[in-house]
Amino acid sequence: MLRFLLQRLLALIPVLFTVAVIVFLILRLTPGDPAAVIAGNNATNEDIDRIREQLGLTQPLLVQFGIWLSGVVQGDLGYSFYLGKPVIELIAQRIEPTLSLAVGTMLISVCVAVPLGTLAAWRMGGWLDRLLSGFAVAGFSVPVFVIGYVLIYIFAVELQWLPVQGYRRLFGPSSQGLGAWAYQLVLPWVSLATIYVALIARVTRASVSEALTEDYIRTARAKGVTEQAVLLRHALANAAVPIVTVIGIGIALLIGGVVVTETVYAIPGLGSLTVDAVLNRDFPVIQGVVLFFSALYVLINLLVDLSYLWLDPRIRY
């Protein structure tokens, strides 16, 4: 077990190094000059050249990468070209809204999708099963920004039940409490959770329906075990591994969904920070955020793999 943990943690190093190299090269080789963005439309070529030299963009790519990588190893992701602040500080300022959106979305998705998928498998072919199939197709087909704008129009513009955009902090001096925080995030949570409810519910239905055909289910029923216990303690418990796997995959997909959702609802998180950095060609911010998301995704996958040990004692690492 300890050996497996060490191997996975050590594997994080080449993964992050590969991500760093790819992102660094893509940013440098694609059209667009950060110095021109900073200088503005009325700047002369001399002004742009001076800014490029100040930013270190006149040095060879290998030298630029070496300087940035040495800083990363020491915990320094560099300074924003556009804002002039440390990238770590910008990530720390924006991480709460993103985590609030992502964690809330996954909690809602799991709490709704797993019971729905389990009931659909239990009553396969019934009205709930057919409804879930239709909802899954619609959830996969409709982009998250379309869902977001539809919900804004109905619940914020027409009914005026919920706020249109913005974010209220849960922690810090500007916090207005748990209620205000959750109230502001209802629409973003529902918008983003629609897709993941469809994904997780479909996988749950397939896994539980397969488990219900196994011999141990017939044995449990023959022993007089209640249908509820059969469904929860036997079928769902044995179908948990693929469900947890798809939840881990959903977290990876959630990274892209967070960027779009934060843009739609004007949430000042890492997604909107990334969009602004891309528009401003702010290389250090883009590199830092991508590296952060990559490390987070690898660690989440590690936690998913470790959860298999608890869900299925037959699995050994």
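Which residue forms a salt bridge with Arg50? Select Asp47: the closest N and O atoms of Arg50 and Asp47 are 3.2 Å apart. A salt bridge here is a side-chain nitrogen of Lys or Arg within 4 Å of a carboxyl oxygen of Asp or Glu. Side chains of opposite charge can pair when their charged atoms come close.

**Before you go on**

This is a predicted model, in which local features need pLDDT of at least 70 and side-chain atom pairs count only at pLDDT 80 or more, while totals for chains, interfaces and linings use all residues. Residues are numbered from 1 along each chain as its sequence is written, and side-chain values use heavy atoms, with hydrogens and water left out.

**Stop 1: the whole chain**

Show the cartoon. The protein chain has 13 helices and zero strands. Helices (H or I, at least four residues) and strands (E, at least two) are DSSP runs, numbered from the N terminus. The C-alpha atoms fill a box of roughly 85 × 55 × 40 Å, taken along the principal axes.

Now show the surface. The accessible surface comes to about 16900 Å², and 67% of that belongs to carbon and sulfur atoms. Accessible areas come from the Shrake-Rupley method with a 1.4 Å probe; for residues, only the protein chains shown count as cover. Of the 317 residues, 43% are buried. Buried means under 20% relative accessible area, exposed means over 50%, and partly exposed lies in between (1.4 Å probe, protein chains only).

**Stop 2: the salt bridges**

The structure holds five salt bridges. Go back to Arg50 and Asp47. They sit three residues apart in helix α3, so about one helical turn separates them. Arg50 is partly exposed at 44% relative accessibility. Asp47 is partly exposed too, at 25%.

Next, select Asp33 and Arg52. Their closest N and O atoms are 3.2 Å apart, in another salt bridge. This pair links distant parts of the chain: Asp33 is in the loop between α1 (2–29) and α2 (34–39), and Arg52 is in helix α3 (residues 45–55), 19 residues apart.

Then select Arg169 and Glu96. Their side chains meet in a salt bridge at 3.3 Å, N to O. Arg169 lies in the loop between α7 and α8 and Glu96 in helix α5 (residues 87–122), so the pair ties together parts 73 residues apart in sequence. Glu96 counts as buried, at 14%.

**Stop 3: the nonpolar cores**

Select Leu187, Leu192, Ile200, Val208, Leu254 and Tyr265. Of the 43 residues in the largest nonpolar core, these touch the most other members. A nonpolar core is a set of buried Ala, Val, Leu, Ile, Met, Phe, Trp, Tyr and Cys residues joined through side-chain atoms within 4.5 Å. Which element gives the most to this core? Colour α8: it gives 12 residues.

Zoom in on Leu192. Among the residues it touches, not counting those up to four places away in sequence, are Leu101, Val144 and Leu254. A second, separate core of 26 residues includes Leu12, Ala20, Trp68 and Ala295.

**Stop 4**

Select Gln287 in helix α13 (residues 283–311). Gln287 is buried, with a relative accessible area of 3%. Leaving aside neighbours within four places in sequence, Gln287 is in contact (heavy atoms within 4.5 Å) with residues including Phe24, Arg28 and Trp68.

Step to Asp282, in the loop between α12 (270–279) and α13. Asp282 is buried, with a relative accessible area of 3%. Where does the side chain of Asp282 reach? It reaches the backbone nitrogen of Phe81, at 2.8 Å.

**Stop 5**

Turn the surface back on. Select Val142, Phe145, Tyr149, Tyr153, Trp161 and Val260, which are among the residues making a nonpolar surface patch of about 1000 Å². Patches are made of residues with over 30% relative accessible area and no salt bridge: like charges are joined within 9 Å, nonpolar side chains (Val, Leu, Ile, Met, Phe, Trp, Tyr) within 5 Å. Helix α7 (residues 144–158) supplies the largest share, seven residues.

Finish at Val164, another patch member. Val164 is in the loop between α7 and α8 (178–211). Val164 is partly exposed, with a relative accessible area of 37%.

Note on methods. A polar contact is a pair of N or O atoms within 3.5 Å; within protein, one must be able to donate a hydrogen and the other to accept it, and residues adjacent in sequence count only if both atoms are side-chain atoms.
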